[in-house]
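Here's a quick briefing to read with the model open beside you. Have a look at the fold first, then work through the points below.

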Amino acid sequence: MSLILRENLSFDQARCLVEGGGLREDGTPKDLFMRGIFIQGGVKNHNQRVYPVNEISKAVNQVNECLRRGESVLGEADHPSELNINLDRVSHMITEMYMDGNNGIGKLKILPTPMGNIIRTMLENKVKLGVSSRGSGNVDARGDVSDFEIVTVDIVARPSAPAAYPVAVYEAFNSRRGQVIHDLSNAVQNDKAAQKYLKDELVNWFSKL
């Protein structure tokens, strides 16, 4: 039976570059992207697993096949425990992936969803976010992964300590204050003054986590 495999890379490990953002002349938000290493091959990671380069290459090809067919490869904010994509937590979509040496390099676009708006606010306030690949595969006694199939790449906070900060964010978002922010993000998409208020609320909320 295949295992659910999630592998985390910090902002620095993924060598993340944030591209775009800000506002156009008409006041609408510019597209915002993250680019970097989405998954590493040929090295033992912090989960004591090794993804052979051929497995990484196969997974990257799977993503590219989906993109070529016109399918959307969606990702979530934070660290879900299952393989299915939860549409209410989608924050971005993968726009490209390719191999560079042993690594799968990718680019993702932040979407104007409630969770995407939270990610955008954090990125534009210089919060360093990482990435987490999510897929399935088999792991032998040495930690070598086989039959790897990638589902998506998620955006995570403090991925080097997945049991700490991401859990706090998830629990806080599901608190009463988190629900208020969720409702506000739905309501302010066409109201610049309200968007500024929401941004201030988010910065204040995350500073207290």
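This is a predicted model: local features need pLDDT of at least 70, side-chain atom pairs count only at pLDDT 80 or more; totals for chains, interfaces and linings use all residues.

Local features need pLDDT of at least 70 and side-chain atom pairs count only at pLDDT 80 or more, while totals for chains, interfaces and linings use all residues. Residues are numbered from 1 along each chain as its sequence is written, and side-chain values use heavy atoms, leaving out hydrogens and water.

- Confidence is highest in β4, at 96, and lowest in helix α3 (residues 165-173), at a mean of 36. Helices (H or I, at least four residues) and strands (E, at least two) are DSSP runs, numbered from the N terminus.
- Over residues 159-175 pLDDT stays under 50, and the model has 30 contacts for them beyond four places in sequence; contact means heavy atoms within 4.5 Å.

**The sheet**

- An open sheet is formed by 5 strands in the order β2-β3-β6-β5-β4, with antiparallel pairing. Two strands pair if DSSP finds at least two bridges between them.
- At the edges sit β2 (17-20) and β4, each pairing on one side only.
- β2 and β3 run antiparallel and are joined by 4 bridges; V18 stands opposite M34 in β3.
- Helix α1 (residues 53-68) packs on the sheet, touching β3, β4, β5 and β6, and its direction makes about 125° with that of β5. Axes here are lines fitted to C-alpha atoms, for helices over the stretch in contact, and angles run from 0 to 180 degrees between N-to-C directions.
- Helix α2 (residues 114-124) lies across β2, β3, β5 and β6, at about 65° to β5.

**Strand β6**

- In β6 (residues 103-110), 7 of the 8 residues are buried. Buried means under 20% relative accessible area, exposed over 50%, partly exposed in between (1.4 Å probe, protein chains only).
- β6 pairs with β3 (residues 32-40) over 7 antiparallel bridges, and Q40 stands opposite N103.
- β6 also runs antiparallel to β5 (residues 90-100), with 8 bridges; I94 has L108 as its bridge partner.
- The β5-β6 hairpin has 2 residues between the strands, and G101 takes a positive phi near 65° there.

**E76**

- E76 lies in β4 (residues 73-76) and is buried, at a relative accessible area of 0%.
- Its side chain reaches the backbone nitrogen of N86 at 2.9 Å.

Methods:
A polar contact is a pair of N or O atoms within 3.5 Å; within protein, one must be able to donate a hydrogen and the other to accept it, and residues adjacent in sequence count only if both atoms are side-chain atoms. pLDDT is the predictor's confidence in each residue, from 0 to 100.
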